[in-house]
Amino acid sequence: IAIDSIGNTQYHNETFYVDNTPPIIIKTVGEPNCWIPDTPNYCVNLSTLITLETEEEGCCQSEYITIEYKIYYDGEWTDWIPYEGPFSFDEECEHVLIVRAYDCLGNGKDDQYWDTETFYVDETPPEIIKTVGEPKCEVPGTDNWCVTTDTLITLEAENQGCCDYGEFSFKYRIWVDGVWTEWIQYDGPFTFDEECMHYLEVLASDCLGNEAFDNETFYVDETPPEITKTVGEPKCPIPDTEDYCITTETEITIEAEDLGCCNYGDITIEYQIWYDGQWTEWTEYTGPISFEEECEHVLRVRAYDCLGNGKDDQYWDTETFYVDETPPEITKTVGEPKCPIPDTNQTCVTTETEITLEASNKGCCPSEYLTLEYRIWFDGAWTDWTEYEGPFSFEEECMHYLEVRASDCLGNTAYNYQTYYVDETPPEITKTVGEPKCPIPDTEDYCITT
């Protein structure tokens with residue numbers, strides 16, 4: 001109201017909105033994002049849009065509200081930037097976003113009203129950490145593996161970007177025999193179910209959807225190597241068994257062939273020997289072996305690959321060897337008539353005298369195979385060796401050498417030598433008649449006295 005000196009009066013009426021309330025900032029973080037619990041902060045990527053809005057809470061409902069923001073990155077702040085629409089970040093890693101919104105009265109311009117949040121901009125996929133359990137062996141020069149159906153595959157991931165929050169999602173699929181499985185959500189260690197080649201594809205993603213891919217080949221092998229044992233000479237197999245008779249000169253050669261689908265590792269060959277009630281320790285095979293003592297030995301051989309296939313006793317090769325270097329014993333029986341010449345190895349016989357030969361095995365080889373032969377020297381010449389088939393005699397008079405040999409299946413040989421004088425000539429009688437005597441004419445008779 002205004003009144004002048006003469007009483008003229010003017011009235012004026014206006015409404016005032018007293019407003020000290022700043023606008024409310026509404027910040028919407030688009031996808032992809034992952035909120036970091038117990039903080040106002042987020043992980044985002046370069047495509048994530050930040051949208052800003054305001055809401056006037058004061059009693060002055062002016063439509064004029066200014067929204068500005070600035071960004072801290074790599075040690076520097078930008079200037080205040082008027083908000084014109086959704087925006088995103090241009091670089092990876094930590095950004096601090098400050099937003100202020102103020103009305104026409106400047107409410108909200110003071111820093112106490114600013115909205116401040118940290119954003120971790122991450123477009124780096126995680127690193128897949130695949131742990132291959134035991135048994136396993138790496139294929140040289142590759143990232144591939146040989147495993148068994150007992151080998152556990154464990155999947156983990158490690159964040160390589162600046163967002164170190166959030167769990168990882170894993171899924172995998174397996175190719176075998178020309179067919180892929182569906183993608184399987186990983187929920188713990190797994191194994192392969194069948195032998196031979198498998199491809200394993202793994203997909204790991206972080207909370208922002210940054211994906212890492214891994215592909216490896218696995219050769220699933222549970223087949224033991226095949227053992228080939230070669231028994232050198234001399235030897236003789238024992239019928240109806242897998243056992244052998246041999247000598248200390250007989251070399252045993254061992255080889256092994258990998259029959260499984262993993263053909264990339266060395267095969268270990270080991271053996272142990274049982275003799276005289278005791279086993280040796282397992283010994284690595286480095287070359288042909290032989291036995292040092294006579295009589296029964298048991299040879300046990302195992303061959304296993306880098307996965308241990310073949311190490312179990314069900315795959316061992318076991319054979320018994322009878323080491324024999326003892327020649328047979330020859331028994332020679334000289335029939336009648338005969339007369340041994342004292343203090344010699346010589347005997348007098350006739351053409352009617354039969355010589356009988358026998359041989360018996362004195363070594364530990366249970367084989368009954370023996371060869372018995374003889375030859376005769378007479379009048380400066382030897383006969384050929386003749387296989388003994390039964391009693392024989394000499395056909396001519398005078399001196400004969402008889403040589404006999406007996407051999408077992410290993411070639412252990414015994415010899416026997418003897419001289420025989422074949423005599424069918426009767427003695428010559430000389431009779432002398434003393435005196436007194438008188439021959440009787442035309443006879444061989446005499447007259448004598450007592």
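In this predicted model, the largest nonpolar core has 19 residues, and those with the most contacts inside it are Ile153, Leu155, Tyr172, Phe190, Phe192, Leu200 and Phe218. At least two residues of this core come from each of the strands β12 (127–132), β14 (145–147), β15 (153–158), β16 (169–176), β19 (196–205) and β20 (211–220). Nonpolar side chains tend to be buried together in soluble globular proteins.

**The core and its surroundings**

- Tyr172, one of the residues with the most contacts inside the core, touches Leu155, Glu182, Trp183, Ile184, Tyr186, Phe190, Leu200, Glu201 and Val202 when residues up to four places away in sequence are not counted.
- Cys196 has its place in strand β19, and its phi is near 80°, which is a positive value in a residue other than glycine; with a relative accessibility of 38%, Cys196 counts as partly exposed.
- Asp164 is found in the loop between β15 and β16, where it is exposed, with a relative accessible area of 71%.
- Between Asp164 and Tyr421 there are 257 residues in sequence and 112 Å in space, taken from C-alpha to C-alpha.

**Strand β28 and its partners**

- Of the 10 residues of strand β28 (residues 295–304), 7 are buried, so this strand is largely enclosed by the rest of the structure.
- Strand β25 (residues 268–275) runs antiparallel to β28 and is joined to it by 8 bridges, and within this pairing the bridge partner of Tyr275 in β28 is His297.
- Strand β29 (residues 317–323) also pairs with β28 in the antiparallel sense, over 7 bridges, with Val301 standing opposite Asp317 in β29.
- Gln314 lies in the loop between β28 and β29 and counts as exposed at 57% relative accessibility; its C-alpha atom is separated by 9.7 Å from that of Arg302, which is 12 residues apart from Gln314 along the chain.

**Aromatic pairs and charges over rings**

- The count of aromatic pairs comes to 25; in one of them, the rings of Tyr42 and Phe119 have their centres 5.9 Å apart and their planes at 15°, so the pair is stacked, given that planes under 30 degrees apart count as such.
- Tyr42 lies in strand β5 (residues 42–44) and Phe119 in strand β11 (residues 115–121), so this pair ties together parts that are 77 residues apart in sequence.
- Phe119 is buried, with a relative accessible area of 0%, and belongs to one aromatic cluster together with Tyr42, Tyr69, Tyr83, Phe87 and Phe89.
- The rings of Tyr415 and Tyr417 have their centres 6.2 Å apart and their planes at 10°, so this pair is stacked; Tyr415 counts as partly exposed at 44% relative accessibility, and Tyr417 counts as partly exposed at 48%.
- Lys109 lies over the face of Tyr102, at 4.6 Å from the ring centre, while the charged end of Arg375 sits over the ring of Trp382, 4.3 Å from its centre.

- The side chain of Asn41 reaches the backbone nitrogen of Thr118 at 2.9 Å.
- Leaving out residues up to four places away in sequence, Asn41 touches Trp35, Ile36, Glu117, Thr118 and Tyr120.

**Backbone features in loops**

- The peptide bond from Glu134 to Pro135 is cis, with omega near -5°, and Pro135 is found in the loop between β12 and β13 (136–138).
- A cis peptide bond also leads from Glu336 to Pro337, with omega near -5°; Pro337 has its place in the loop between β30 (329–334) and β31 (338–340).
- Asp343, although it is not a glycine, has a positive phi of about 60°; this residue is found in the loop between β31 and β32 (346–349) and is exposed, with a relative accessible area of 85%.

Key: Residues numbered from 1 in each chain as written. Predicted model: local features only at pLDDT ≥ 70, side-chain atom pairs only at ≥ 80, totals over all residues. Heavy atoms only, no water. Buried < 20%, exposed > 50% of the residue type's maximum accessible area, 1.4 Å probe, protein only. Helix = DSSP H or I, 4+ residues; strand = E, 2+ residues; numbered from the N terminus. Pairing = 2+ DSSP bridges. Phe/Tyr/Trp six-rings, centres within 6.5 Å; stacked < 30°, edge-to-face > 60°. Lys NZ or Arg CZ within 6 Å of the ring centre and 35° of its normal. Polar contact = N/O pair within 3.5 Å; in protein donor to acceptor, adjacent residues only side chain to side chain. Contact = heavy atoms within 4.5 Å. Core = buried A, V, L, I, M, F, W, Y, C linked by side-chain atoms within 4.5 Å.
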